[in-house]
Amino acid sequence: MKVLVAVKRVVDYNVKVRVKADGTGVETANVKMSMNPFDEIGVEEAVRLKEAGKATEVIAVSLGPTQCQETIRTALAMGADRGIHVQTDVELQPLAVAKLLKAVVDKEQPQICILGKQAIDDDANQTGQMLAALAGWPQATFASKLVINDDGSANVTREVDGGLETVTVKMPFVLTTDLRLNEPRYASLPNIMKAKKKPIDTLTPEQLGVDAAPRLKTLKVAEPAKRQAGIKVKSVAELVDKLRNEAKVI
Amino acid sequence: MAFDFSQTDEQRMLVETVRQFIEKEIFPHEREVDRAGEMPVDLARQIKARAKEVGLYAANMPEEVGGGGLDVMSQMLMERELGKCNWALQKFVGRPSAILMASRDEQIEKYLLPTVRGEKMEAFALTEPGAGSDAMSISTRAEADGDDYVLNGGKHFISGIGLPDFAIVFTVTGIDETKRGPRKRVTAFLVDRDTPGFSIRRGPRCVSYRAYDNYELFFDNVRLNKRQILGEEGKGFVLANEWLTGGRVMVAANCCGKAERAMELATDWAATRKQFGQTIGKFQGTSFKLADMATELRAADTLVAYTCWKLEQGTMTDADAAMAKLFASEMLGRVTDQAIQIFGGMGLMDELPLEMMWRDARIERIWEGTSEIQRHIISRDMLRAKEQ
């Protein structure tokens, strides 16, 4: 069973994000970039499936500029077997990513495609769902537990409002990871060295027959408004008065 | 050959792994260990086991003896990250002394390989109460007696943690008459801890790296076979120079990591602490300190990288290594001191790691050759070139 894991190169979670002076986006020049943390969880889950003898091959795929190969290399050092890089300098939006991944899925025929539930840069939370729709596959999103059954199905525990929901999906399916699915390992030194020798194939959207051009137009990116300082009230009566007359919420 | 200090993919991932390792396995315990002045045995075992799992243990040693086989630049990057944490804890991400590579015959099975596997820990025993910077004045002697040597004397300030399993002991085995007068024949021996007549005790508490021990070693008619000699008889210092000069560059890298951590703490504080209605980073008295720290750290990092590059090319001199160690350790002293100044009173409180880093920084200008010895090594080369 092949498992395909999508890994996105994003601004490192430790970096304080800054909006570009011209308001067209987020500053990424000279900023530390890393693998999207939800995707790390995805790689970890895939590698665990392989270690448990459930998966035979783990393929890490990343889409975007040349530097995405660093992200793929990190996935290979965590234990993925090979990488696919779809190279493009076009700004990739969720629908384009889903279409490109669908083309890769058609080529590789994995039984499970694992994605992060969202990327920490744009927090779109769309790609996994769109991919499932395009491929006509079942989807199990926000997964906090994955159990592969012998009959070619899987039980996935999902984190939903107010609790946990367990769904059964038939392979092939799309899984998106939530935080509590696992705790990703860090690459060991021997695996870092082995990763050097693992292959990364490079493809282009044209080769995959996908038009990756953006469909959405970003009008403006701005920092959130600064929070106003709070005030202290002297009595409950004053609080009620302010809530009623100033905030007008009661 | 042109030098290129950009990191390879492997180096970038190595740094990331060491960083995560420190954050998960070491930082959470650092304050408690420092306050107690004691490294709990279970914690030591746990860090060691994790370091082995991740392949960081003995990463500095060549692959043919079971080590990680890191190149010099990668070792330096790893050392720089490890420098961010206390020696008492980073010691258990073992980096066996490179001098053990001089092991031969049964020494390989008995000392080198178990040390690389983390089953044994060594102590490097050169310093004596009467022989600090003046290493040639050591008086511990080993007198030949047939195929044996009989060892008498003592060592102190022998760094380690948890009793070492064996010590690499530098001794005097004779005197040669040379044109410049009598010269001691110095020989290194591998001495097992349980050898009759060999005793070890803990030395006084140290203000730097509180939980990291220093030992006093005593030798009372310790009988050693000549097979215990590491390298050749009379070639102890040649051996030490061959294997250990690179160690000074690694101390320098360790200092750079520590300085970076202190600078980050000070920068965070300057960007958030408010006085007189604004963050203190807005005052030049603070911001210029930060600028100086960053510039000095960059200079030290570049010097260390350049020295590593020379080491890799096989062109590094003693003076090169001395410059890196001198500058990086003194830079660390200034950076930790200024970081405390930016924090003000809070910097001295033991709730924050800064006071510990400030104390720890002090030893870096002393061990592995004091700053004065480094300056001596550097200037000696300069003067020799001009002397008639």
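The model described here is a predicted one.

Which strands pair with strand 6 of chain A? In general, strands of a sheet pair through backbone hydrogen bonds, and the pairing is either parallel or antiparallel. Strand 1 (residues 2-6) of chain A runs parallel to strand 6 of chain A, and three bridges join them. Within this pairing, A:Leu4 has A:Cys113 as its bridge partner in strand 6 of chain A. Strand 10 (residues 173-177) of chain A also pairs with strand 6 of chain A in the parallel sense, over five bridges. Here A:Phe173 of strand 10 of chain A stands opposite A:Ile112.

These pairings belong to a wider picture. In chain A, nine strands form an open sheet in the order 9-8-7-10-6-1-4-5-11, with mixed pairing. Strand 9 (163-170) and strand 11 (200-203) of chain A are the edge strands, each pairing on one side only. On average, and with direction ignored, neighbouring strands of this sheet are turned by 35° against each other. An antiparallel example is found where strand 8 (residues 153-160) of chain A meets strand 9 of chain A, joined by eight bridges. In that pair, A:Lys170 of strand 9 of chain A stands opposite A:Ser153. Helix 2 of chain A packs on the sheet and touches strand 4 (57-64), strand 5 (82-87) and strand 11 of chain A. The direction of this helix makes about 165° with that of strand 5 of chain A.

A:Ile59 lies in strand 4 of chain A. Is A:Ile59 buried or exposed? With a relative accessibility of 0%, A:Ile59 counts as buried. Apart from neighbours within four places in sequence, A:Ile59 is in contact with A:Lys2, A:Val3, A:Leu4, A:Val5, A:Arg82, A:Ile84 and A:Glu108. A:Leu76 is 17 residues away from A:Ile59 along the chain, and their C-alpha atoms are separated by 8.6 Å.

Chain A as a whole can now be summarised. Its secondary structure comes to seven helices and eleven strands. The C-alpha trace of chain A spans about 70 × 45 × 40 Å along its principal axes, and 44% of its 250 residues count as buried. Among contacts in chain A with a separation of 6 or more, 70% are between residues 24 or more positions apart.

Helix packing comes next. Two packed helices are described by the angle between their axes and the distance between the axes. Helix 3 (residues 94-108) and helix 4 (residues 127-135) of chain A pack at an angle of about 45°, with their axes 8 Å apart. That angle makes helix 3 of chain A oblique to helix 4 of chain A, and the crossing of the two is right-handed. Helix 3 of chain A contributes A:Pro94, A:Leu95, A:Val97, A:Ala98, A:Lys99, A:Leu101 and A:Lys102 to the contact, and helix 4 of chain A contributes A:Thr127, A:Met130, A:Leu131, A:Leu134 and A:Ala135. By class, this contact has nine nonpolar, one polar and two charged residues.

Another helix pair joins the two chains. Helix 2 (residues 68-78) of chain A packs with helix 1 (residues 9-36) of chain B at an angle of about 60°, their axes 10 Å apart. Helix 2 of chain A is therefore oblique to helix 1 of chain B, and their crossing is right-handed. The contact involves A:Glu70, A:Arg73, A:Thr74 and A:Ala77 from chain A, together with B:Asp9, B:Arg12 and B:Met13 from chain B. Two nonpolar, one polar and four charged residues take part. Not counting residues up to four places away in sequence, A:Thr74 touches A:Met35, B:Arg12 and B:Met13.

In chain B, eight of the ten residues of helix 10 (residues 354-363) are buried, so this helix is largely enclosed by the rest of the structure. What covers these buried residues includes helix 1, helix 6 (236-272), helix 8 (318-343) and helix 9 (345-348) of chain B.

Methods:
Residues are numbered from 1 along each chain as its sequence is written. Chains are lettered from A and ligands numbered from 1 in the order in which they are written. This is a predicted model: local features need pLDDT of at least 70, side-chain atom pairs count only at pLDDT 80 or more; totals for chains, interfaces and linings use all residues. Side-chain values use heavy atoms; hydrogens and water are left out. Axes are lines fitted to C-alpha atoms, for helices over the stretch in contact, and angles run from 0 to 180 degrees between N-to-C directions. Helices (H or I, at least four residues) and strands (E, at least two) are DSSP runs, numbered from the N terminus. Angles under 35 degrees count as roughly parallel, over 145 as roughly antiparallel, 65 to 115 as roughly perpendicular and the rest as oblique. A crossing is left-handed if the near helix is turned anticlockwise from the far one by less than a right angle, and right-handed if clockwise. Contact means heavy atoms within 4.5 Å. Ala, Val, Leu, Ile, Met, Phe, Trp, Tyr, Cys and Pro count as nonpolar, Asp, Glu, Lys and Arg as charged, and the others, Gly among them, as polar. Two strands pair if DSSP finds at least two bridges between them. Buried means under 20% relative accessible area, exposed over 50%, partly exposed in between (1.4 Å probe, protein chains only).
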